[in-house]
Structure formats: structure tokens, C-alpha cells
Amino acid sequence: MSGTAAEKPAGRCLVLGYDGSDAARRAASWAVSDLPPNGRLVLVRAGRPLHIPPSPLSTAEERAQVGHAMFDELLLDGEESLLDVQLTTEVSDEDPVTALLEAAQRHGAHAIVLGCEHHSRLRRALGVVTTELLQRSPVPVISVPAGVSS
């Protein structure tokens with residue numbers, strides 16, 4: 001699904017799930033390279049895990065601060081190309097699937113992008129965000145594997 005910027009739809013919007021991992025950074029780099037010059041990238045950080053209530057050891061405000069700090073780190077240490085697209089950051093106190101689906105709907109996203117990580121059998125049994133998004137998302141879900149570079 002790659003092509004030149006002239007072939008990509010104008011104003012294309014991608015929503016990206018960001019958790020600070022190397023996989024999420026790779027996905028962000030890929031998303032920026034896939035967007036046309038006037039494209040929009042919405043970075044979404046979910047404040048709680050999938051299928052688990054929020055930790056009683058932190059407040060929603062503290063989880064939001066952590067999320068904003070992750071975005072700051074990405075923009076300071078990440079690739080400069082992130083500054084070449086219209087960028088929006090959102091921190092949600094929802095689980096990742098809910099946060100990404102709501103952001104995709106709110107921003108009229110063309111796709112949801114995630115980094116791909118290897119998961120243990122236990123983790124897969126408890127639920128993986130990508131699997132649940134593939135079942136529930138009304139827009140395409142793009143999983144960027146480890147070997148892909150921008």
C-alpha cells in the first residue's frame with residue numbers, strides 16, 4: 001500500500017497507538033513515511049491495560065502526565081520527520097482498544113497503526129490489542145512488524 005505522496009489521498013489521517021516501546025516508535029516512523037505532506041497523525045496513549053482496571057496506585061491525572069511525558073520524549077528523541085506532519089497527541093484513561101477506536105472515529109482516521117511485538121501464550125490468552133482491534137475496528141488496522149523501517 002505504499003506509493004508516492006502524489007498517489008496518497010490528501011488530508012489522510014492515521015491514528016497510532018503509542019506506549020513508548022521500540023515497536024511503537026517503529027510504527028510512528030512508518031506512519032510518518034506513509035502520510036502525504038498534508039497528512040495528520042494522531043498519537044494515542046491509553047492510560048490503562050486491556051481487560052484490567054486502572055491501578056489503584058495511580059490517579060487518572062498521574063497516568064495522563066506519564067502519557068504526555070512519553071510524547072515529549074518521542075518528539076525530543078524521535079525522528080525529525082515526526083515534526084513534518086500535522087501531529088495531535090491524546091492521552092486517554094480508557095483501555096487501548098477503546099481509546100484507539102474513539103480517536104479513529106473522532107478524527108475520521110483512514111487506519112489505526114500499531115507496532116507489532118511478540119507475545120507469550122499467556123499474554124495472547126489474556127488478550128492482545130491488535131487482535132481485538134481487528135475484530136472491532138471499522139477502519140483498517142495496520143500492524144508494523146519489527147523488520148520494517150521508514
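This is a predicted model: local features need pLDDT of at least 70, side-chain atom pairs count only at pLDDT 80 or more; totals for chains, interfaces and linings use all residues.
Residues are numbered from 1 along each chain as its sequence is written, and side-chain values use heavy atoms, without hydrogens or water. Local features need pLDDT of at least 70 and side-chain atom pairs pLDDT 80 or more, while totals for chains, interfaces and linings use all residues.

Let's start inside. A nonpolar core here is a set of buried Ala, Val, Leu, Ile, Met, Phe, Trp, Tyr and Cys residues joined through side-chain atoms within 4.5 Å; buried means under 20% relative accessible area, exposed over 50%, and partly exposed in between (1.4 Å probe, protein chains only). The largest nonpolar core has 21 residues, and Leu14, Leu16, Tyr18, Trp30, Leu41 and Val113 have the most contacts inside it. Helix H1 (22–34) is among the elements that give two or more residues to this core, and H1 gives the most, with six residues. Helices (H or I, at least four residues) and strands (E, at least two) are DSSP runs, numbered from the N terminus. Apart from this core lies another, of 19 residues, including Val15 and Val42.

Arginine 45 sits in strand E2 (residues 40–46).

| Residue | Relative accessible area | Class |
|---|---|---|
| Cysteine 13 | 0% | buried |
| Cysteine 116 | 35% | partly exposed |

The structure holds zero disulfides (pairs of cysteine sulfur atoms within 2.5 Å).
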